[in-house]
Amino acid sequence: MESWRRHPLVFWLINLPPTLWLVVFFLLPLSIIWVFSFGEKEGVIGINVTWTLANYVRAFDPLYLEIFTKSFWFAGITTFLCLVIGFPIAIFITFSPARWRPVLLLLIILPFWTNLLIRTYALIAVLRMRGYVNFTLEWFWEKANGVLLFLGLDNVALLGERFQPLELLYNNTAVVIGLVYVHLPFMVLPLYAALDRMDKSYLEASLDLGAGQFRTFFAVTVPLAKAGIISGLIITFIPALGSFLTPDLLGGTDSQMIANVIERQFKSANDWPFGAALSYLLMYITFFALAIRALMARGTSAMEAA
Amino acid sequence: MPDNDVMISIKEVTKRFGNTVTAVDQVSIDIRPGEFFALLGPSGCGKTTLLRMIAGFELPSAGQILIDGQDMEGIAPNHRPINMVFQSYAVFPHMSVFDNVAYGLKVSGVPRAEIGPRVEESLDLVKLAGYGPRMPDQLSGGQRQRVALARALVKRPKVLLLDEPLSALDAKLREAMQLELVRLQHTVGITFIVVTHDQKEALSMANRIAVMEEGQVRQLASPAELYEAPNCRFVADFIGKTNLLQGRVGGLSGAQVLVQVEGIGPVPLSGDKEMRGEVGVAVRPEKMRLRGDGPAEDEVGIKGRVAEIAYFGEVSFVYLTDAQGRSLSVAVPNHKRTGGGAILTGQDHWCCWRPEDAILLPE
């Protein structure tokens with residue numbers, strides 16, 4: 001790694017394009033938005049940068065605070081559910097025969113290769129009133145009714161006159177289902193990485209010393225997978241918090257998240273300064289979460305080295 | 001019917017992995033209470049699989065394992081009266097030494113007041129008194145192994161299993177630990193079963209050794225018996241160094257078998273009188289003498305040319321090649337500080353031994 005000192009020209013030639021790219025397409029636009037967040041709207045497209053804090057103050061309006069809280073709530077539940085669902089999946093993959101593991105991991109990664117929009121619309125087809133969940137339920141309803149008919153109990157209408165499809169779409173539940181579906185891989189992959197790295201003789205030692213599977217899981221597996229769990233929690237939570245498409249397509253009127261509000265500011269409301277301020281608040285929260293992760297990682301790295 | 005003289009009874013145990021691999025093939029061993037027992041063999045001989053079946057981490061494909069008269073079938077590892085010291089030690093990195101040792105007591109519901117003293121006692125036993133608050137990453141490899149030992153012994157198991165316990169230690173520490181393990185076993189009086197690929201380790205520690213190859217026990221005997229009276233070529237070759245000569249049974253002479261060895265003539269050997277045809281004659285290097293003028297009256301010998309001398313400090317191994325192209329090694333103790341160079345490469349010497357020091361082996 002020291003060789004770049006001897007060939008500074010080569011070093012700069014190689015690193016110039018990516019640096020330029022980063023500056024022009026990432027840092028510069030980001031800075032512009034940052035500057036905008038201290039501006040005032042002027043006319044239809046004009047922005048007058050007056051270094052006012054009014055946009056940030058406005059973000060703490062109860063209306064927006066509530067949406068922030070709701071976003072946290074959605075992201076939190078999503079992260080928790082991903083952990084609860086993802087941990088058994090990660091364990092299952094870790095302990096599968098070696099030749100099946102790549103296939104199973106591929107199944108986890110596969111959705112990444114499909115456009116989010118398509119996946120979300122597919123989920124709509126599954127969850128809507130005339131969707132596959134309701135079709136399945138209806139099929140069971142008819143079969144159950146058939147049994148009742150056979151038993152001569154059809155006239156009591158135990159199961160109701162008609163099948164009542166469940167309203168699975170356009171509400172908060174649909175948003176959480178969608179978010180969990182989209183973010184599950186973010187949880188499973190770091191968990192799998194942590195479990196796969198773990199020396200399995202720790203688990204055998206625990207069993208050998210008299211602990212059951214349950215005890216072993218909480219006293220040995222979870223603490224040893226701590227780094228993976230924290231990574232999983234944070235890299236699930238951050239994108240879930242900034243979700244915009246899922247609540248937009250699957251949610252009802254009361255299930256919008258902060259990203260939806262931001263999108264509206266930039267588009268229909270045409271209030272770029274306020275949108276910029278909200279964006280930066282969301283980013284600060286993200287940085288905060290990453291800082292926590294870095295702090296906790298410092299605590300576990302010493303342990304991992306053992 | 002529990003047999004008081006048997007702690008672990010392995011009956012016709014077979015372990016197959018898939019359809020093709022038979023790791024352990026119809027092994028039957030009885031291990032006595034208080035015995036220091038070694039499973040010895042090259043890697044892949046099935047010794048670790050057998051140990052893992054005793055621990056309950058692998059299930060036998062066929063056969064039965066009894067511990068203290070109780071059939072272990074269907075009994076999970078955490079309910080067996082045995083504990084194991086893992087090759088990697090598996091000392092929990094997120095727990096202090098004390099918590100590691102206390103873990104097994106806590107999970108099996110030992111009263112809190114009893115845990116502290118028992119942990120201290122166990123740490124004392126492995127000479128780690130006062131190390132309780134340390135974390136595993138503050139310990140050396142040898143100390144971590146002692147923690148693993150203390151953690152297993154604190155449970156007062158009927159049997160302690162040790163999987164290659166010394167393989168991760170450096171040579172000096174390994175030797176000290178061999179003596180330490182024997183001392184520990186005498187103190188606690190528990191049956192120890194140790195898996196090792198290191199024949200010196202097994203010979204110096206165990207009361208009895210089962211030598212395994214290809215999933216089967218080739219010989220089960222005391223260390224001295226394995227060394228002085230191996231029952232097959234594999235054991236003779238695996239345990240210690242040996243000179244293996246080819247011979248042919250020529251007849252009987254009283255209680256002894258006359259074996260025709262090329263370049264020597266008929267050699268009377270004690271052994272199985274039923275043996276016929278081609279046989280092996282094994283002579284340990286230290287049973288041989290180098291003589292310049294032919295074998296003594298009670299000896300037989302082969303003349304060879306010194307090809308190489310390997311100096312080991314206390315002993316030198318002299319490698320000779322005879323007229324038939326056979327390679328022979330003779331151990332020459334370095335009794336004196338000087339004058340060790342009396343034997344030189346290129347010289348002709350007689351490798352001589354007394355027939356009663358040779359071992360008759362079946363083909």
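What percentage of the 306 residues in chain A is made up of buried residues? I looked this up in what is a predicted model, and I find that buried residues account for 38% of the 306 residues in chain A.

**Entry 1, chain A overall.** I count 14 helices and 2 strands in chain A. For the radius of gyration I note 25 Å, whereas a compact globule of 306 residues would come near 19 Å. Along the principal axes, the C-alpha atoms of chain A fill a box of roughly 85 × 65 × 35 Å. I then turned to the contacts in chain A with a separation of 6 or more, and 69% of them are accounted for by residues 24 or more positions apart.

My search of the whole structure gave 23 aromatic pairs over all chains. One of them that I examined joins A:F38 and A:Y56, whose ring centres are 5.3 Å apart with the planes at 40°, so I recorded the pair as tilted. The pair links distant parts of the chain, since A:F38 belongs to the loop between α2 (8-36) and β1 (39-42) of chain A while A:Y56 belongs to helix α3 (residues 54-59), 18 residues apart. I find both A:F38 and A:Y56 buried.

In chain B I looked at B:F57 and B:F86, another tilted pair, with 6.0 Å from centre to centre and 45° between the planes. This pair also links distant parts of its chain: B:F57 is in the loop between α1 (47-55) and β4 (62-67) of chain B, and B:F86, 29 residues apart from it, is in the loop between β6 (82-85) and α2 (97-107) of chain B. B:F57 and B:F86 are both buried.

Is A:W51 buried or exposed? Its relative accessibility is 51%, and A:W51 therefore counts as exposed, whereas A:F38 and A:Y56 are buried. A:W51 lies in the loop between β2 (46-49) and α3 of chain A, and I note a positive phi of about 55° there although the residue is not a glycine. A:Y170, also not a glycine, has a positive phi near 60°, and I place it in the loop between α7 (132-150) and α8 (172-197) of chain A.

I found B:K241 over the face of B:F317, at 4.4 Å from the ring centre. The charged end of B:R284 sits over the ring of B:Y227, at 4.0 Å from its centre.

Why do I describe α2(B) as largely enclosed by the rest of the structure? I do so because 8 of its 11 residues are buried, among them B:V97, B:N100, B:Y103 and B:V107. The cover over the buried residues of α2(B) includes α9 (201-208) and α10 (213-224) of chain A, together with α3 (112-125) and α4 (141-153) of chain B. After α2(B) comes B:G109, with a positive phi near 70°.

To their contact, domain 1 of chain B gives 7 residues and domain 2 of chain B gives 10 residues.

Technical notes:
Residues are numbered from 1 along each chain as its sequence is written. Chains are lettered from A and ligands numbered from 1 in the order in which they are written. This is a predicted model: local features need pLDDT of at least 70, side-chain atom pairs count only at pLDDT 80 or more; totals for chains, interfaces and linings use all residues. Side-chain values use heavy atoms; hydrogens and water are left out. Rings of Phe, Tyr and Trp (its six-membered ring) pair if their centres lie within 6.5 Å; planes under 30 degrees apart count as stacked, over 60 as edge-to-face and the rest as tilted. Helices (H or I, at least four residues) and strands (E, at least two) are DSSP runs, numbered from the N terminus. Buried means under 20% relative accessible area, exposed over 50%, partly exposed in between (1.4 Å probe, protein chains only). A charge sits over a ring if NZ of Lys or CZ of Arg is within 6 Å of the ring centre and within 35 degrees of the ring normal. Contact means heavy atoms within 4.5 Å. The radius of gyration is taken over C-alpha atoms; the globule rule is 2.2 Å times the number of residues to the power 0.38.
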